[in-house]
Amino acid sequence: MKGSSGNGAALLLIPAIAFIVLLFLYPFGYGLFTSLTLADGSFSLANYGRFFSDARDLRTIGVTLGIALPVTLLAVGMAVPLSYHMRRGVPGEKLITFFLIVPVTLGTVLVSEGMLSFMGPNGWLNQLILALRLADKPIRFTHNYAGVAISVGLQGFPYAFLMLLGYISGINPDLEKASRMLGANNWQTFWKVLFPLMVPGIAIAFCLNFVMAFSVFPSAVLLGQPSGPQRVIALAAYQWAFEKFNFNAAAAISMIMAAIELLVIAIVLGWRSKMYKGASIVGKG
Amino acid sequence: MKDFKRISVRHLAKRFGEKFAVDDFSIEFGKEEFVTFLGPSGCGKSTALNCITGLIPITSGEIYIDDECIDDGRLSVPPEKREFGMVFQNYALFPHLTVRENIAFGLKLRKHAKSEVERRVAEALRLVHLEGYAGKFPAQMSGGEQQRVAIARCIVLEPRLLLLDEPLSNLDAKLRVELRHELKALHERLKVTTIYVTHDQTEALALSDRIVVLKLGRIQQVGSPQAVFSDPANPFVADFVGYKNGWRGKIEALGESGGKLMARVRTRGGLLEARLSYPEGDPRRSSLVDAYEAGKPVVSAIRPDDIVVGSGGGSNVFQCRAALVEYQGRACHVSASLVGLAGSGAGGLEERVDLRTTAGIAEDESFVASVHPDKVLFFALAEGAPEGAP
């Protein structure tokens, strides 16, 4: 930081720092502060105490994890083999990628609305199922767990897939050849060479997907039963803030959300460093 | 290791779309032999290598180890079952594994006892002079060290056949020579049957028992380093192993003297004499005879080192004017315009002479050079060969 050039370079950091301070640190600090005060401004842990002693609110943690964890695991779990098969490119790759990106660009609300009519009791999907005699009465895909999970999965899978596809196609193809030449079959090559090298990508994809899924809100409201089994934690925060106008209680819930997300991320990153010892020193594949 | 006597590749072909990357590729090699596939980029040498490993499915042809067919285009033994070892240009070490784990990779797959794995890894490390590197990761090592690990990773498995795909091409000049010496010593010690792919004639000459020269997927010549270097089969091979001075001309006289073929050829620069030691029955000899009888063009090939400044080098004496002088340490490479062969009247000025000399020649200087007829080669030009091609 000595010399004029060092100072000049440091100035370039200002927009980024300002951005982080204004859009992240300040709101986060404000939220933390709000969660630790009562409506009259006095400091208290009562907002947290209230959440943990309210059975209806406390349940939301389990409900949300119950959606976010399996859906994320499934999305990432499906993205790994699919990206593996597409690592050298396949015919129609652009089309496949296009259809994966569409739900992301349309947004959750539109996709959820679409699902309501397409997958509803009188929707095309159920009419097809009935016509093919796969079931004798319509299967419920909406206003239940399945509806929320499908919607969250549709939103999350493309991210996981595209991220892992980029990751795996960046792995030197000669590594696979080398592994084969040393006596490993495709299965062994995947587990001993490609998978360990994909672990960092899998960890990041899992974290991002999980955070998105854990803050599920529109899907739960539109496709679940928001008053009961699919009352997710984000909905609880919303209700405290905008139905009961208790921003302090809502802030406490969002802090708890953040803490749970950080906990899951910490577990995943711990797994990653256990799986991939060479990560810190291996720059090039 | 399963013992064997010969590996034979018969009429191997590999087609990508409409294009044959390798065509009618047949070669047989014995145990312990060191064979090099030599050719410019795009000649199919790496494709041929990958076909032999099984990493690329072949279009047609057969590969045999003694009587065991390992590939005939329909039934193919997968690469992991062929017991071959491969070394790559970019080393292809597993970046998430240590040197020890890299070398033990194949041994562990073969379910050897732990003590055996440790013993053999240590032995392999000693063989490539990397004791003490076992705990390092590939990214912590230099390119030369990484390539030695890659070699150790193969030889620790005692492969039936070791395939090296331009293993030295990513290294700097000094390391390349060092590792080349090591490869030679290693082969002399272990006697692993080896196929080596390179575009570098020095590597091919230094290492090989036999060289296979390739062009556009087809074998041009198979022979000892000496044969390929001093007795090239065609203008392409000649050009690739360092012959220059491809001058076109028509044969004016063709005769025999003392078992040698004497040719007098009218080139654009004048008359050029050659004493060719092509034996009876050599296709180069019969095609020259055909070209003489049909009045078809032929082309010369002379090494730059064989052209001597001054008229003492032989009976082919020519006037030149230096156009470009390139200092190369020991000698200078001179590109000159051929003014004319002495005593032949004015020739064309378009012909170029390439020679290497220690005589100090300045650019634009006119000088006399000569070449002995023994050092001049002539080849009949293939039908439709492009103008200017050697």
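Predicted model: local features only at pLDDT ≥ 70, side-chain atom pairs only at ≥ 80, totals over all residues.
Residues are numbered from 1 along each chain as its sequence is written, with chains lettered from A and ligands numbered from 1 in the order in which they are written.

**Confidence**
- For the complex, the predictor gives an ipTM of 0.87 and a pTM of 0.85.

**Where chain B meets chain A**
- Each chain puts 22 residues into the contact; residues are in contact if their C-beta atoms, placed from the backbone, lie within 7 Å.
- On the chain B side, β6 (84–87) and α2 (99–109) are the elements that give two or more residues.

**Around B:Val149**
- B:Val149 sits in helix α4 (residues 143–155) of chain B.
- B:Val149 counts as buried because 25 other C-beta atoms lie within 10 Å, and the cut-off is 20 or more, with C-beta atoms placed from the backbone.
- Beyond its neighbours within four places in sequence, B:Val149 contacts several residues, including B:Leu93, B:Ile103 and B:Leu130.
- B:Val128 is 21 residues away along the chain, yet its C-alpha atom is 7.4 Å from that of B:Val149.

**Two domains**
- Chain B splits into domain 1 (6–239) and domain 2 (240–380), with bounds from an automatic or database domain assignment.
- Their C-alpha centres lie 38 Å apart.

Notes:
Contact = placed C-beta atoms within 7 Å. Helix = DSSP H or I, 4+ residues; strand = E, 2+ residues; numbered from the N terminus. Buried ≥ 20, exposed ≤ 12 C-beta atoms within 10 Å, placed from the backbone.
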